[in-house]
Amino acid sequence: MATTTMDRRVTKSVERELVIKKEFNAPREEVWRAWTDPEIMKRWWGPKSFTTLISTIDLRVGGKYVYCMRGAGPDGVVKDYWGTGIYKEIVPLEKIVCTDSFADEKGNVVPATHYGMEGDWPLELQITVTFEEQEGKTRLTLRHAGIPAGRMSEMTEAGWNESFDKLAEVL
C-alpha cells in the first residue's frame, strides 16, 4: 500500500484557488496512469463515500472527459453527480491542465445549482495537476481554481484529500 504525506494546503481567497500537495510512494508513471486511464480513475476518483460509475477520457488537447460519481450530497441524499471538462494542456508525465464543470448525464455543462450546491460557482473551473519524480516517489500538486470560498471550498478540499487517500491505496 502506498503512503502519502501532506503539506499544508494554501487557499487564496481572492483568487479562489485551492492548492493541495501530496507525495505518493509510487513512480510518476503509475501516478500519471491513474489520472489518465479511465478504469484506474474509477477506483479512486471522488470522496471516500462516493463511487465512480463512469469515467471516459479523451486524453488530448481539446479532448473531453466525463465522469459520474454516486454519493450523498450536502443535503444527505444519495444521487449521481456528473462532471466534465476539456483538456487544455498535456505534458506527458508532467502536467495536465483542464476545465472542470458540473454536467448532466449527457455530459452537457450545467450550473452547480443543478446539484443543489450553494455559493457563487462559475460554470467552468480550472484544474492544474503537476507530477514531479523524487527518488522513486511522486510529488503531485493540484490547483483547483474558481471554487467559492467558505463551506464549498472546505468540502472540495476534503473531497480531494479523500480521493487522494483512495489513490494512495490504489497505487
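**Cavities, pocket and strands**

Guide: Let's start inside: the largest cavity has a volume of about 80 Å³. Keep in mind that this is a predicted model.

Visitor: How many cavities of 30 Å³ or more are there?

Guide: Two cavities reach that size in the structure.

Visitor: And which residues line the largest cavity?

Guide: Its lining consists of Trp35, Met41, Trp45, Tyr65, Tyr87, Ile96, Cys98, Ile127 and Val129. Strands S7 and S8 each supply at least two residues of that lining.

Visitor: Which members of the largest nonpolar core touch the most other members?

Guide: Trp35, Trp44, Leu140, Leu142, Trp160 and Phe164, out of 44 residues in that core. As background, nonpolar side chains in soluble globular proteins tend to be buried together.

Visitor: OK, switching to open space. How much space lies in the largest pocket?

Guide: About 630 Å³. The pocket is lined by 29 residues, and the closest to its centre are Pro47, Met69, Met117, Met155 and Thr156.

Visitor: Which elements give two or more residues to that lining?

Guide: Strands S5, S6, S7 and S8 (125-134), along with helix H3 (151-170). H3 gives the largest share, eight residues.

Visitor: And by class, what's in the pocket lining?

Guide: The lining has 19 nonpolar, eight polar and two charged residues.

Visitor: Let's stay on H3. Is Ser163 buried or exposed?

Guide: Ser163, which lies in H3, has a relative accessible area of 4%, so this serine is buried, the cut-off being under 20%. Not counting residues up to four places away in sequence, Ser163 touches Trp44, Trp45, Gly46 and Pro47.

Visitor: What about Glu162, what's its relative accessible area?

Guide: Glu162 is also in H3, and its value is 23%, which makes this residue partly exposed. Beyond four places in sequence, Glu162 is in contact with Gly46, Pro47 and Lys48. Gly46 and Pro47 turn up in the list for Ser163 too.

Visitor: How many residues apart along the chain are Glu162 and Lys48?

Guide: They're 114 residues apart along the chain, with their C-alpha atoms separated by 5.5 Å.

Visitor: Last topic, the strands. How many bridges join S5 to S6?

Guide: Nine bridges, with S5 (residues 64-72) and S6 (residues 78-91) running antiparallel. One example is Arg70, whose bridge partner in S6 is Asp80.

Visitor: And in which sense do S6 and S7 pair?

Guide: Antiparallel again, over seven bridges, with S7 covering residues 95-103. Gly83, for instance, has Phe102 as its bridge partner in S7.

Visitor: How many residues sit between S6 and S7 in their hairpin?

Guide: Three residues, and Leu93 in that turn has a positive phi of about 70°.

How values were computed:
Residues are numbered from 1 along each chain as its sequence is written. Side-chain values use heavy atoms; hydrogens and water are left out. Two strands pair if DSSP finds at least two bridges between them. Helices (H or I, at least four residues) and strands (E, at least two) are DSSP runs, numbered from the N terminus. On a 1 Å grid over the protein atoms alone, a cavity is a set of points where a 1.4 Å probe fits but cannot get out, and a pocket is an open set with protein on both sides within 12 Å along at least five of seven lines; lining residues have an atom within 4 Å of a point. Grid points are joined across faces, edges and corners, and a volume is the space filled by probe spheres set on the points. Ala, Val, Leu, Ile, Met, Phe, Trp, Tyr, Cys and Pro count as nonpolar, Asp, Glu, Lys and Arg as charged, and the others, Gly among them, as polar. Buried means under 20% relative accessible area, exposed over 50%, partly exposed in between (1.4 Å probe, protein chains only). Contact means heavy atoms within 4.5 Å. A nonpolar core is a set of buried Ala, Val, Leu, Ile, Met, Phe, Trp, Tyr and Cys residues joined through side-chain atoms within 4.5 Å.
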